[in-house]
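Subject: Structure handover

Hello,

Here is the structure I promised you.

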Amino acid sequence: MARTTDGNGATPVPRRLLAAATRLFAEQGYDRTSVQEIVEAAGVTKGALYHYFGSKEDLLHEVYARVLRLQQERLDAFADADAPVERRLRDAAADVVVTTIENLDDASIFFRSMHHLSPEKNKQVRAERRRYHERFRALVEEGQRTGVFSTATPADLVVDYHFGSVHHLSTWYRPNGPLGAQEVADHLADLLLRALRP
């Protein structure tokens, strides 16, 4: 049976495999990265990879799925918080920016390589993303229903507007640029809130 951790017990093998795959996919592209390169970079055998992941495609799926799981957990916490809807939406809007920037390689790899997923896995990811977007949209709709937000723009368009900005981050954001992750998040969240004011 494959070991869960490396020789000194420090880093779990699945995490090492994901880190190696993420780096190689970012540097070379998914289609130009071999399974052999991934296992060599992670310092494990092919048997260890196939123990945790059924295929290279499973690694690609997990690169993005782990970010989406984190974002969903955080969104659920913001949405369920005991705070005014304007605060909950702003916190959620800023958080998705910060967590995307903190995982920029994962997000950019995924959007660049999503077409390599099987139809079944593609459908699964789309369903997970739709769940996230629907929970986010529910906050917009709650604010519109209670008169806190303007109803001039349909909630679906408001969500598309914000997530269009989020998905575009990988094309321009640089960690050594003039704005930090939280600053970008605050600007984009404030833009969204200003657009929703009655």
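This is a predicted model: local features need pLDDT of at least 70, side-chain atom pairs count only at pLDDT 80 or more; totals for chains, interfaces and linings use all residues.

The overall picture

The protein has nine helices and zero strands. Along the sequence, the pattern reads α-α-α-α-α-α-α-α-α. Taken along the principal axes, the C-alpha atoms fill a box of roughly 60 × 35 × 35 Å. The chain counts 198 residues, and 46% of them are buried. Now take the contacts with a separation of 6 or more: 69% of these join residues 24 or more positions apart.

Helix H7

H7 covers residues 119-145, which makes 27 residues. From its first C-alpha to its last it reaches 37 Å, close to the expected 39 Å. Just after H7 comes Gly147, with a positive phi of about 85°.

H4 against H6

The axes of H4 (residues 56-80) and H6 (residues 104-113) come within 9 Å and cross at roughly 130°. H4 and H6 are therefore oblique to each other. The crossing is left-handed. On the H4 side, the contact is made by Leu60, Val63, Tyr64, Arg66 and Val67. H6 supplies Asp106, Ile109, Phe110, Phe111 and Ser113. By class, that gives seven nonpolar, one polar and two charged residues.

Helix H1

H1 (13-28) has 16 residues, which should span 22 Å at 1.5 Å a residue. Its end C-alpha atoms are 22 Å apart, so the two values agree. The buried residues of H1 are Val13, Arg16, Leu17, Leu18, Ala20, Ala21, Thr22, Leu24 and Phe25. They pack against H2, H3 (46-52), H4 and H6. Gly29 follows H1, and its phi is positive, near 95°.

Two buried loop residues

Loops hold buried residues too. Look at Thr33, in the loop between H1 and H2 (35-42). Is Thr33 buried or exposed? Its relative accessible area is 2%, under the 20% cut-off, so Thr33 is buried. Leaving out residues up to four places away in sequence, Thr33 touches Leu24, Phe25, Gln28, Ile38 and Lys56. Leu24 and Phe25 are themselves among the buried residues of H1.

The other one is Tyr173, in the loop between H8 and H9. Its relative accessibility is 6%, so Tyr173 counts as buried. What does Tyr173 contact, beyond its neighbours within four places in sequence? The residues are Ile101, Leu104, Leu179, Gly180, Ala181 and Val184. Val184 is eleven residues from Tyr173 in sequence, and their C-alpha atoms are 9.1 Å apart.

Where to look

Then turn to the oblique pair, H4 and H6. Finish with the loops that hold Thr33 and Tyr173.

Best wishes

How values were computed. Residues are numbered from 1 along each chain as its sequence is written. Side-chain values use heavy atoms; hydrogens and water are left out. Axes are lines fitted to C-alpha atoms, for helices over the stretch in contact, and angles run from 0 to 180 degrees between N-to-C directions. Helices (H or I, at least four residues) and strands (E, at least two) are DSSP runs, numbered from the N terminus. Angles under 35 degrees count as roughly parallel, over 145 as roughly antiparallel, 65 to 115 as roughly perpendicular and the rest as oblique. A crossing is left-handed if the near helix is turned anticlockwise from the far one by less than a right angle, and right-handed if clockwise. Contact means heavy atoms within 4.5 Å. Ala, Val, Leu, Ile, Met, Phe, Trp, Tyr, Cys and Pro count as nonpolar, Asp, Glu, Lys and Arg as charged, and the others, Gly among them, as polar. The expected span of a helix is 1.5 Å times one less than its number of residues. Buried means under 20% relative accessible area, exposed over 50%, partly exposed in between (1.4 Å probe, protein chains only).
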